[in-house]
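Please consult the sequence and the structure while reading.

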Amino acid sequence: MGKEVPAITVSQQDRRRYREKVRRCLDVLARMLRESRFDSAPQQVGLEIEFNLVDEAGGPSMKSAAALKAIDDPDWAAELGQFNLEINVPPRPLSGDALAQLENHVRTSMDRADRRAREVGCRLAMIGILPTLGEVDVREESMSAHPRYWLLNEQIFAARGEDVRIQIEGPEQLLTHVGNIMPEAACTSVQCHLQVSPEAFGAYWNAAQAIAGVQVALAANSPFLFGKELWPETRITLFQQATDTRPEELQVQGVRPRVWFGERWITSVFDLFEENIRYFPALLPLCEDEDPVTQLEQGGTPELAELTLHNGTVYRWNRPVYAVADGQPHLRVENRVLPAGPTVADVIANAAFYYGLVRELAEAERPIWTRMSFAAAGDNLLEAARHGIDAFLYWPGLGVVPAAELTLRCLLPLARDGLRRWGVDSRSADRSLGIIEQRCLAGRTGATWQAETVHALQRRGLSRSVALRQMTQRYVEHMHTNEPVHSWPAG
């Protein structure tokens, strides 16, 4: 979805040609997998982190274009909303002091970007959903100028044929209807990329699916939307509803949503790309000139542009990625369940927990997915989004247990062993996993801190809107100290 697209009108001929080209790409991918054409270099990791822009009062600031110009760094890019930015962290092997390097790199880049953003009257906020965001802020006028977003918006609503109904019930209730995809821009996340071999891809994707619920429970950071207190990780259900191309009749019929957990464990990355084509019509039917068959037969590496563009419009919580770097094709698992924030230290701790745990589970003698139903993994994700760190999750051999207890008793030791397998030094592992441990012991995530602080401010007589603004201002200040959220004072 980072690909630029022209402003065009999509015809029936475009769709037919695109469908044929995507199927041709899938055939080429299958051949590349059979012929072992993929990069066998050491596995690498990378991060994408999304940010909100806020003004001095903690409200959303529609200045992404000006902020990007001031930041002037190719690692930073625009996102869907004019109040969003994203940083792409260059990939690196996960060994030695890589976690410390990641933390230092992100902190340095974020601090520099924040200083530059201040020059144009805004600041960076790394948070799952900006608490001060209002419905008035998610209109089409707030969409970034990139043609791909406008085309995507047009195609989603052409497929749906009606406004999106957003209904979420938590401590409070939200029911609204929106005529564009801009509520998706409220969802700011961290994506953890992990390069894996074709042979290992199925095991790593299955392991990532199995732990998605635990990840969300421990990292929840999105309790407020449009002034309402909803789920600790409201972002999960908001993202699904905001990009749903199905009218109610197709939902009742069981047509699959484009934000999709999936429905089965896999054996190969091919399974996922094949499902994409079988289940989901194209939203951006744009063809490139490259013939992937000719490119492959001439000894080159095909970009498979149509296949990857289509894949970018199927929003799996763990997405397969095909990419070409320096002429070599490789595969990645893109883990997409985590919210942004609260601090860089928290983000790296979440990433370390994921990378360590997914390695240990993927390479276990008795795989987790042979002992756990796929439906149970999906149920865990929804339970975690609804209840955050207070969620009760299913785990084989333990039954249904509190998320914090599951993590302390079982998963942190596995994550530590996994980081050891990666070759991560013990000091870096101890720092990151220690943050997860203390978060579990304190029962405090970004979501609990936000809710506690707003409740305390309201008990002092402040209105909800003023409390949300003051809480957001405090959040931003705490974020820049890089002290993990479990140590933040509440109230």
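Q: Is Tyr394 buried, partly exposed or exposed?
A: In this predicted model, Tyr394 is located in strand 14, residues 392-395. Its relative accessible area is 30%. Buried means under 20% and exposed means over 50%, so the value for Tyr394 makes this residue partly exposed.

Q: Which residues make a nonpolar surface patch of about 290 Å²?
A: Tyr394, placed in strand 14, is one of the residues that make this patch.

Q: Is Gly262 buried or exposed?
A: Gly262 is found in the loop between strand 10 (259-260) and helix 9 (269-279). Its relative accessibility is 17%. The limit for a buried residue is under 20%, therefore Gly262 counts as buried.

Q: How many residues of helix 6 are buried?
A: Helix 6 spans residues 212-219 and is mostly covered. Among its buried residues are Ala212, Gln215 and Leu218.

Q: How is helix 12 oriented relative to helix 15?
A: The axes of helix 12 (residues 344-362) and helix 15 (residues 426-442) come within 8 Å and cross at roughly 100°. Because angles of 65 to 115 degrees count as roughly perpendicular, helix 12 is, relative to helix 15, roughly perpendicular.

Technical notes. Residues are numbered from 1 along each chain as its sequence is written. This is a predicted model: local features need pLDDT of at least 70, side-chain atom pairs count only at pLDDT 80 or more; totals for chains, interfaces and linings use all residues. Side-chain values use heavy atoms; hydrogens and water are left out. Buried means under 20% relative accessible area, exposed over 50%, partly exposed in between (1.4 Å probe, protein chains only). Helices (H or I, at least four residues) and strands (E, at least two) are DSSP runs, numbered from the N terminus. Patches are made of residues with over 30% relative accessible area and no salt bridge: like charges are joined within 9 Å, nonpolar side chains (Val, Leu, Ile, Met, Phe, Trp, Tyr) within 5 Å. Accessible areas come from the Shrake-Rupley method with a 1.4 Å probe; for residues, only the protein chains shown count as cover. A salt bridge is a side-chain nitrogen of Lys or Arg within 4 Å of a carboxyl oxygen of Asp or Glu. Axes are lines fitted to C-alpha atoms, for helices over the stretch in contact, and angles run from 0 to 180 degrees between N-to-C directions. Angles under 35 degrees count as roughly parallel, over 145 as roughly antiparallel, 65 to 115 as roughly perpendicular and the rest as oblique.
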